[in-house]
Amino acid sequence: MSNVPTTPAELASFIDHTLLKPEATDADVVALVEEGARLGCFSVCVSPTFVALAVATARGRIKVATVCGFPSGKHVSSVKAAEAAQSVADGADEVDMVIDVGAAKAADFEAVEADIAAVRAAVPGDRLLKVIIESSALDDDEIVAVCRAAEAAGADYVKTSTGFHPTGGATVHTVKLMADTVDGRLGVKASGGIRTLTDALAAIEAGATRLGMSGAASVLAELAGDTPAAPTSDY
């Protein structure tokens, strides 16, 4: 694909520099924002409790994303919507919500769509809504159906994974399937298991338009030809 990045700056523009560990502290978030801004990443992605701090630290230098219904997706839709609304009020530019994976496994895609629509109603059109489908827990038909539900509900992106599910994260096959399904009408975010430059470029080659990763510094150093640090966890 012609959009595969060849410089660290180009690759950084794809990256949501992510910290979603439950033991993260204020100091960790401040460090994340400073590093993400220095590296030129598209955004930082933090837990909802840290959105206001991340926004204050960013001072407009980098966008701030957060999660909703994370990581299980097993939250009442009105609760997800309230969480998303609070994050928007705190200054989040983007919200990454988790679907009810069980509803998808039960082929209740109307429920999946309604859940996403409830969050979309709480996230203004000038803020991006990404839908985490937990792709490793779904088969191909379910992935296609959930992507279609996300599009019908007004989402801006579909996203592979939380990084917390035991079945795994993004794969090249899944990213390509999602990209083929939305066919440029929505963005595709690959996350979970993207630890190396090879992983990152393969996901973009498959159709990812955004990457969720915590090891941005080491991957960008690798592309620059520097000795990379050991990759960190996915979240």
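Tutor: Helices (H or I, at least four residues) and strands (E, at least two) are taken as DSSP runs and numbered from the N terminus. The model is a predicted one, in which local features need pLDDT of at least 70 and side-chain atom pairs count only at pLDDT 80 or more, while totals for chains, interfaces and linings use all residues. Residues are numbered from 1 along each chain as its sequence is written, and side-chain values use heavy atoms, with hydrogens and water left out.

The part to look at is helix α2, residues 26-39. Its 14 residues, at 1.5 Å a residue, should span 20 Å, and the end C-alpha atoms are 20 Å apart, so expectation and model agree. The expected span is 1.5 Å times one less than the number of residues. Buried residues (under 20% relative accessible area; exposed is over 50%, partly exposed in between, with a 1.4 Å probe and protein chains only) in α2 are V29, L32, V33, G36 and L39. Viewed down the axis of α2, these residues fall within an arc of 140 degrees, so they line one face of the helix; the arc is that of the directions from the helix axis to the C-beta atoms. An α-helix has 3.6 residues a turn, so residues three or four places apart point the same way. On the face of α2 turned away from the buried side sit the exposed residues A27 and R38. After α2 comes G40, with a positive phi near 85 degrees.

What covers the buried side of α2? The cover includes α1 (8-12), β1, β2, α3 and α10 (216-224), where contact means heavy atoms within 4.5 Å. α10 has buried residues of its own, namely A216, S218, V219, L220, A221 and L223.

Two strands pair if DSSP finds at least two bridges between them. β1 (residues 15-19) and β8 (residues 210-213) run parallel and are joined by 3 bridges. I15 has L211 as its bridge partner in β8, and D16 stands opposite G212. On the other pairing, 3 bridges join β7 to β8, again in parallel, and A190 stands opposite L211. R210 and G212 point one way from β8, L211 and M213 point the other way, and all are buried.

In strand β3, T66 is buried at 0% relative accessibility. A polar atom of the T66 side chain lies 2.7 Å from the backbone oxygen of V46. Leaving out residues up to four places away in sequence, T66 touches several residues, including C45, V46, S87 and D96.

Now the backbone elsewhere. Most residues other than glycine have a negative phi, and most peptide bonds are trans. R59, in the loop between α3 and β3, is not a glycine but has a positive phi of about 50 degrees. R59 is exposed, with a relative accessible area of 57%. E134 also has a positive phi, near 50 degrees, and lies in the loop between β5 (128-132) and α7 (140-152); E134 is buried, at 2%. The peptide bond from F70 to P71 is cis, with omega near -5 degrees, and P71 lies in the loop between β3 and α4 (77-89).

Technical notes. A polar contact is a pair of N or O atoms within 3.5 Å; within protein, one must be able to donate a hydrogen and the other to accept it, and residues adjacent in sequence count only if both atoms are side-chain atoms.
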